[in-house]
Structure formats: structure tokens, C-alpha cells
Amino acid sequence: MKKLEGKVSIITGAARGIGRATALLFAMEGSNVVIADILEKEGKETEDEINRKFEGVKALFIKTDVSKEDDVKNMIERTVKEFGGIDVLVNNAGILPLGTIEETSVETWDRVIDVNLKSMFLCCKYVVPYMIKRGKGAIINVSSINGLMGGRRMVAYATAKAGVIGLTKSLALDLAPYNIRVNAVAPRTIETAMYRAYRKPEQIKERIKTIPLGRLGKPEEVASVILFLASDDASYVIGDVIVIGGYY
Ligand SMILES: NC(=O)c1ccc[n+]([C@@H]2O[C@H](COP(=O)([O-])OP(=O)(O)OC[C@H]3O[C@@H](n4cnc5c(N)ncnc54)[C@H](O)[C@@H]3O)[C@@H](O)[C@H]2O)c1
């Protein structure tokens with residue numbers, strides 16, 4: 001029996017990286033998937049790959065800027081029209097502009113909070129009524145180790161990711177009576193375009209020396225934890241934050 005047989009899952013930021021790996025794994029486990037992302041070319045490639053590889057499930061790319069309320073509402077309405085409901089929401093889309101307080105403009109601050117935090121509020125706000133109708137649901141929010149520990153030159157990013165944890169824990173309490181489980185993951189150093197964009201190859205080599213497992217994580221190693229939280233294997237897990245890569 002597949003772990004998400006017949007489910008409908010929305011995964012934001014699934015055009016590439018951790019979101020893409022999650023969409024592929026969910027489809028392999030029997031879920032229809034909606035890929036909500038701003039990147040049209042990569043989003044459609046993920047959609048095509050899933051539709052080619054996996055029988056009995058459908059992938060649908062919906063161009064969505066998750067920081068915009070109208071885009072989010074439209075994406076969720078289209079999902080319900082296409083698939084009849086929503087079982088799983090993975091709030092994964094995010095951006096990482098580095099900066100100290102002096103380097104971070106008010107515009108950058110607003111953008112990071114909008115894309116990394118407000119987006120999750122919006123997606124939850126408009127998905128939850130459909131999960132209540134279904135009588136169950138699972139929401140997984142992608143935070144970061146920096147949401148727990150802060151980070152150098154991560155003033156806006158770490159603040160948004162800490163906010164994601166507050167949102168997760170509060171929603172978990174409010175939504176438990178509806179049988180909707182809300183949890184978060186907090187990955188550490190995962191090899192994606194986001195990670196590589198802000199670090200030179202020499203810096204990555206130095207960083208690897210400090211990692212207990214001696215290597216960067218793979219997007220698939222985050223996807224498998226998200227799958228656990230989305231599936232009935234985690235039927236009694238709520239309001240948790242699973243650190244991926246070690247708390248050190
Ligand atoms: N890579 C890491 O080391 C790491 C560590 C901790 C947390 N994370 C978190 O994991 C998540 C995924 O990151 P990733 O490493 O796969 O990065 P990535 O840059 O490869 O993927 C992020 C995706 O989000 C999409 N996105 C960005 N802004 C968007 C918007 N406004 N609307 C819709 N989609 C948007 C991008 O187009 C992209 O497809 C992010 O929330 C990130 O903060 C990553």
C-alpha cells in the first residue's frame with residue numbers, strides 16, 4: 001500500500017530543489033500533486049516528469065506567487081476544481097537574501113517576510129476550510145535550522161523562519177480538533193540552487209568539514225521526512241519541528 005494513495009497534495013516552490021523532490025516522492029507514493037511556483041519552465045518540467053513517470057496520479061503546475069493573496073486563492077480554487085479537495089499542504093517556497101541589519105533594506109525585509117512567512121499564513125488560511133470539509137488533513141511547513149538558532153547575515157530570513165515555527169505550533173493547537181495535523185521541518189545544509197547561490201565552492205568545502213555527517217544533505221533526504229509527516233505514519237505527531245542534519 002502506497003503511503004499517500006489517492007491523496008491530493010499542494011506543494012509550494014516545487015519547481016526545483018526540496019519542493020521538486022517532495023513532489024516526485026509524493027507522486028511515487030500515490031498522491032496527485034499541485035506544483036505552485038513562480039518558475040514556469042521548471043514548474044512545467046516537474047509536472048511533465050511526474051506525468052510521464054507515474055501512473056494513476058496527476059501533476060498540475062499552477063503559476064503562483066505565494067506571497068500574493070489572489071494568486072493563492074486562485075491556485076487553491078483550481079486545485080479543488082481539478083481534484084475535488086485537498087489532503088496535504090506543503091508550504092515550502094522560500095527565498096534567502098543574506099544580510100546584516102545594515103545591509104537589509106526595508107524592501108528586502110518586507111519581501112522575505114511576505115514570501116517566507118505570510119505565504120504560509122495565506123496558504124493555510126485558504127486550504128484549511130477544505131481540510132475541515134474532508135474531516136482531516138496534514139500541513140507541513142518548511143522552516144530552517146536558522147529559525148531555531150538564528151544565523152549570521154540572516155536577519156530577515158531567520159526571523160521569517162522562526163515565525164514559521166510559531167505559526168506551526170499555534171495552528172497545530174487550533175486545528176487538532178478538526179483532525180488536521182500541522183508540523184514543520186527545519187533542514188540544515190541541503191544541496192540546492194538556494195544553498196549554492198550564496199556560497200562559493202571554497203566556502204562549501206570549509207562548511208562540510210563542520211558537518212557531523214561529513215556532507216551536504218540531499219533534497220530527497222528532506223522529502224522523506226516531509227512524507228513521514230504527511231502520512232498516517234505520523235498520525236499522532238502535531239506541532240513538532242523535525243531538525244534535518246543535526247542541531248549543533
Ligand atoms: N537548501 C537549504 O540548505 C535549506 C535549508 C533550510 C531550509 N530551506 C528551505 O527549504 C525551502 C526550499 O528551498 P530550496 O533549498 O529547495 O531552494 P530553491 O531555491 O531550490 O527552491 C525554492 C523554490 O521556491 C520558489 N519560490 C520562490 N519564491 C516564490 C514565490 N514568491 N512564489 C512561489 N514560489 C516561489 C522558487 O521558484 C523555487 O522553485 C525554502 O523554504 C528554504 O528556505 C533550505
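**Exercise 1.** In this predicted model, determine how the axes of helix H3 (residues 69-83) and helix H4 (residues 106-134) are related.

*Solution.* The two axes come within 9 Å of each other and cross at roughly 30°. Angles under 35 degrees count as roughly parallel. H3 and H4 are therefore roughly parallel to each other. The hand of their crossing is right-handed. At the contact, H3 contributes Glu-69, Val-72, Lys-73, Ile-76 and Val-80, which meet Leu-122, Cys-123, Tyr-126, Val-127 and Tyr-130 of H4. By class, the residues of this contact comprise eight nonpolar, no polar and two charged.

**Exercise 2.** State the strand order of the open sheet and identify which strands stand at its edges.

*Solution.* The seven strands follow the order S3-S2-S1-S4-S5-S6-S7, with parallel pairing. Strand S3 (59-63) and strand S7 (241-244) each have a single partner strand, so one side of each is left without a neighbour in the sheet. On average, neighbouring strands are turned by 15° against each other, direction ignored. Within the sheet, strand S1 (residues 8-12) pairs with strand S2 (residues 32-37) over five bridges; one of the residues involved, Thr-12, has Ala-36 in S2 as its bridge partner. Helix H1 packs on the sheet and touches S1, S2, S3, S4 and S5, its direction making about 170° with that of S1. Helix H6 (residues 155-175) lies across S5, S6 and S7, at about 160° to S6.

**Exercise 3.** Describe the residues that surround the ligand.

*Solution.* The shell consists of 29 residues, the closest being Gly-13, Gly-17, Gly-94, Thr-192 and Met-194. Helix H1 (17-28) and helix H7 (193-197) are the elements giving two or more residues to this shell. Its residues divide into 15 nonpolar, eleven polar and three charged.

Methods. Residues are numbered from 1 along each chain as its sequence is written. This is a predicted model: local features need pLDDT of at least 70, side-chain atom pairs count only at pLDDT 80 or more; totals for chains, interfaces and linings use all residues. Axes are lines fitted to C-alpha atoms, for helices over the stretch in contact, and angles run from 0 to 180 degrees between N-to-C directions. Helices (H or I, at least four residues) and strands (E, at least two) are DSSP runs, numbered from the N terminus. Angles under 35 degrees count as roughly parallel, over 145 as roughly antiparallel, 65 to 115 as roughly perpendicular and the rest as oblique. A crossing is left-handed if the near helix is turned anticlockwise from the far one by less than a right angle, and right-handed if clockwise. Two residues are in contact if their C-beta atoms, placed from the backbone, lie within 7 Å. Ala, Val, Leu, Ile, Met, Phe, Trp, Tyr, Cys and Pro count as nonpolar, Asp, Glu, Lys and Arg as charged, and the others, Gly among them, as polar. A residue is near a molecule or strand if its C-beta atom, placed from the backbone, lies within 6 Å of it. Two strands pair if DSSP finds at least two bridges between them.
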